[in-house]
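Q: I am new to this structure and would like to learn how to read its features one at a time. Could we go through them together, with the general idea before each case?

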Amino acid sequence: MPLPQCDRPPTPQEAADLRERYRAERERRVRPEGPGQYRSTDAEFGWFAADPYAGDVADRAPLHDVVDVAVVGGGFGGILAGARLREQGVATVRVVEQGGDFGGTWYWNRYPGIHCDIESHVYLPMLDETGYVPEWKYAPGEEIRRHAMRIAERSGLYEHALFSTAVTALTWDESAGQWIVATDRGDTFRATHVVTATGTLTEPKLPGIPGIEDFRGHTFHTSRWDYGYTGGGPDGGLVGLADKRVGVVGTGATGVQVVPMLAADAGHLYVFQRTPSSVDVRGQRRTTPGDVGADRPGWSAERRENFLRIVSGEQAERDLVADGWTASASLLEKLLPSFRRDGEPDFEAAYEAADHATMNRIRARVAAEVTDAATAAALQPWYRYACKRPTFSDTYLPAFNRDNVTLVDTADAHGIERMTERGVVVDGTEYALDCLVFATGFSVGVSGVTSGRLPVTGRGGVPLLHAWARGGPRTVHGFTSHGFPNLIRMGSLQNASSVNFTHVLDEQAVHAAALIAAALAEDAVLEPTPEAEDAWLDVCARDAPDHEAFHAECTPGYYNREGRGRPNGPTAYPHGAVAFHELLRDWRAKHLGKLLRSPGKP
Ligand code: NDP
């Protein structure tokens with residue numbers, strides 16, 4: 001199909017042709033098993049999920065003491081909860097973390113090329129408080145991990161933290177008014193309050209490819225990179241791959257970052273692609289404190305609020321970040337409930353026209369950067385912008401111009417067909433490999449609490465998932481639930497989200513800390529009434545956006561449960577993160593008043 005010009009909205013005929021092309025590509029790609037096509041890394045494939053970074057884990061005696069607050073998870077959610085609790089003067093905060101240190105996603109993901117594609121000056125939390133100013137527009141993973149550790153250090157969280165430890169059960173002891181926290185290291189300590197911050201990208205997944213266990217070459221998931229085999233580090237220098245035939249499965253945000261690094265060092269690289277990502281301009285560059293206004297107090301909070309407003313579809317006088325996210329902000333409407341314009345006259349037509357123009361530009365970029373015409377055609381994404389997570393790279397597309405890189409498009413075969421002892425089979429052709437890297441992502445949004453892997457038992461011995469089984473999850477503001485006293489969940493359920501998730505987590509942490517500090521000060525139990533839950537569910541349901549039709553027509557992926565659609569209903573606060581944060585601030589001022597210290601004041 002010829003590309004319509006990208007500097008103007010498509011004509012009606014071009015738009016109709018695009019719709020038809022998108023429909024055909026979706027049909028080609030959809031698989032009847034939906035999310036069932038994946039398998040987890042932890043059952044027969046436990047070694048896929050083992051911690052390659054912790055070294056030898058030292059023995060320690062199990063703990064049976066009492067703390068004020070137990071925080072489950074040492075990623076940014078847990079760190080920020082801990083930091084904000086310490087600011088409120090809470091004495092003993094114990095973070096329990098499966099990894100060998102703080103960092104969460106950034107602890108586990110250390111693959112070559114890892115960066116965050118959200119601007120570092122808005123992504124890294126507590127820059128104002130720590131005085132740290134990143135030097136690059138997009139920070140490398142190691143810098144982000146170090147910053148996570150910096151916040152933990154500054155907040156004194158190392159003192160009570162437990163690493164290489166998984167919480168295995170949370171049980172409310174009514175008579176003592178405490179939670180009993182059990183772990184896989186034999187601990188059964190008690191906590192007056194519990195915060196669960198178990199993350200959204202914690203469970204790596206693998207494709208359920210027949211024969212995957214037969215492969216005799218080396219293999220690992222990108223979130224458990226084996227530098228012992230590849231050599232080098234996150235900045236490259238993978239000398240161990242110089243004479244190797246390397247395959248990578250997956251071309252999502254991780255694949256787009258890792259492919260250029262593998263291409264630079266592998267003897268030969270085969271990129272097994274099922275759906276191409278949209279790859280927009282990255283614009284990585286060094287920045288000075290002056291560039292980002294870091295000489296003024298509060299600069300970082302102001303910048304991240306500006307970013308949040310723009311990606312939430314609001315008008316702002318200035319676009320401080322001015323990158324690919326803010327440029328395409330209007331196209332995120334179908335992804336994040338936000339500033340609602342659906343239903344306005346002509347909204348859908350204007351939205352589609354802008355979408356087509358953006359995707360045409362992205363497809364034209366592929367044609368301009370990739371010299372081989374067949375490879376360029378296979379790398380062009382044919383779906384609407386918000387169907388798949390957008391990616392940004394200036395090195396990914398040129399990697400396919402190298403002689404040692406082969407793109408293997410698997411869309412017609414619905415992905416990799418099977419694996420053998422020697423390699424990967426696509427459409428009847430076997431590709432012999434020494435090493436296969438799975439950049440196949442995570443069970444997004446699934447965490448220990450919602451999957452049942454971490455059983456939570458509340459008042460009267462009622463498990464949380466039983467309490468939610470009939471009518472669905474019930475919360476107030478997404479944080480607290482009736483029957484589960486002194487328990488706060490962090491995450492996006494019945495809460496608000498954004499592409500800059502650390503901002504959302506920080507607002508949640510401030511709120512969680514305020515609730516807990518107030519409850520401790522008044523010796524009160526933190527538990528909503530069923531009526532308060534009903535009222536919050538009503539708020540979430542009343543104006544819930546109807547994006548089902550849009551996502552039902554999208555190419556499959558985790559945004560639409562692999563083509564099965566995106567559930568409507570009260571899964572999120574419907575007016576977006578900006579309004580939600582205001583609502584929380586107002587609520588605190590009204591209900592908690594002078595009991596609390598302002599965030600940021602240790
Ligand atoms: P994704 O789930 O986004 O991508 C998985 C990839 O594996 C897709 O390309 C998928 O193809 C492919 N795949 C799955 N099964 C098969 C198969 N059987 N045959 C061939 N290909 C297959 O995982 P990522 O690790 O890329 O991203 C995970 C999360 O991490 C995302 O939420 C992402 O936003 C986030 N992330 C954020 C970054 C940042 O800078 N902020 C950087 C990296 C990741 P298909 O599309 O056809 O399903």
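Q: Which residues does the domain assignment give to domain 1, and which to domain 2?
A: Keep in mind that this is a predicted model. The assignment for the protein chain places 12-49, 204-282 and 356-438 in domain 1, while domain 2 is made of 66-203, 445-528 and 572-595. The C-alpha centres of the two domains lie 33 Å apart, and their contact takes 18 residues from domain 1 and 14 residues from domain 2.

Q: How should I read the area that domain 1 and domain 2 bury between them?
A: The size of an interface is often expressed as the accessible area that is lost when the parts come together. Here domain 1 and domain 2 bury about 1500 Å² between them, with 50% of it on carbon and sulfur atoms. On the side of domain 1, the residues that lose the most area to domain 2 are Pro234, Gln257 and Arg282, which together account for 36% of what that side buries.

Q: How many salt bridges and how many polar residue pairs are counted between domain 1 and domain 2?
A: The count between the two domains is 1 salt bridge, and 6 residue pairs are in polar contact across the interface. Helix α9 (residues 253-265) supplies the largest share of the side of domain 1 that touches domain 2, namely 4 residues. Sorted by class, that side of domain 1 has 8 nonpolar, 5 polar and 5 charged residues.

Q: Which residues are closest to the ligand?
A: The ligand is surrounded by 27 residues, of which Arg29, Thr254, Thr275, Lys388 and Arg389 are the closest. For isoleucine 416, a backbone N or O atom lies 3.2 Å from a nitrogen atom of the ligand. Arginine 389 also forms a salt bridge with aspartate 117, with 2.8 Å between the closest N and O atoms.

Q: How many salt bridges does the structure hold, and what does the pair of glutamate 119 and lysine 137 tie together?
A: The structure holds 39 salt bridges. In the one between glutamate 119 and lysine 137, the closest N and O atoms are 2.7 Å apart. Glutamate 119 lies in the loop between α4 (105-108) and α5 (120-123), and lysine 137 in the loop between α6 (127-130) and α7 (141-154), so this pair ties together parts that are 18 residues apart in sequence.

Notes. Residues numbered from 1 in each chain as written. Predicted model: local features only at pLDDT ≥ 70, side-chain atom pairs only at ≥ 80, totals over all residues. Heavy atoms only, no water. Domains from an automatic or database assignment. Contact = heavy atoms within 4.5 Å. Buried area = accessible area lost by both parts, 1.4 Å probe. Salt bridge = Lys/Arg side-chain N within 4 Å of Asp/Glu carboxyl O. Polar contact = N/O pair within 3.5 Å; in protein donor to acceptor, adjacent residues only side chain to side chain. Helix = DSSP H or I, 4+ residues; strand = E, 2+ residues; numbered from the N terminus. Nonpolar A, V, L, I, M, F, W, Y, C, P; charged D, E, K, R; others polar. Near = heavy atom within 4 Å.
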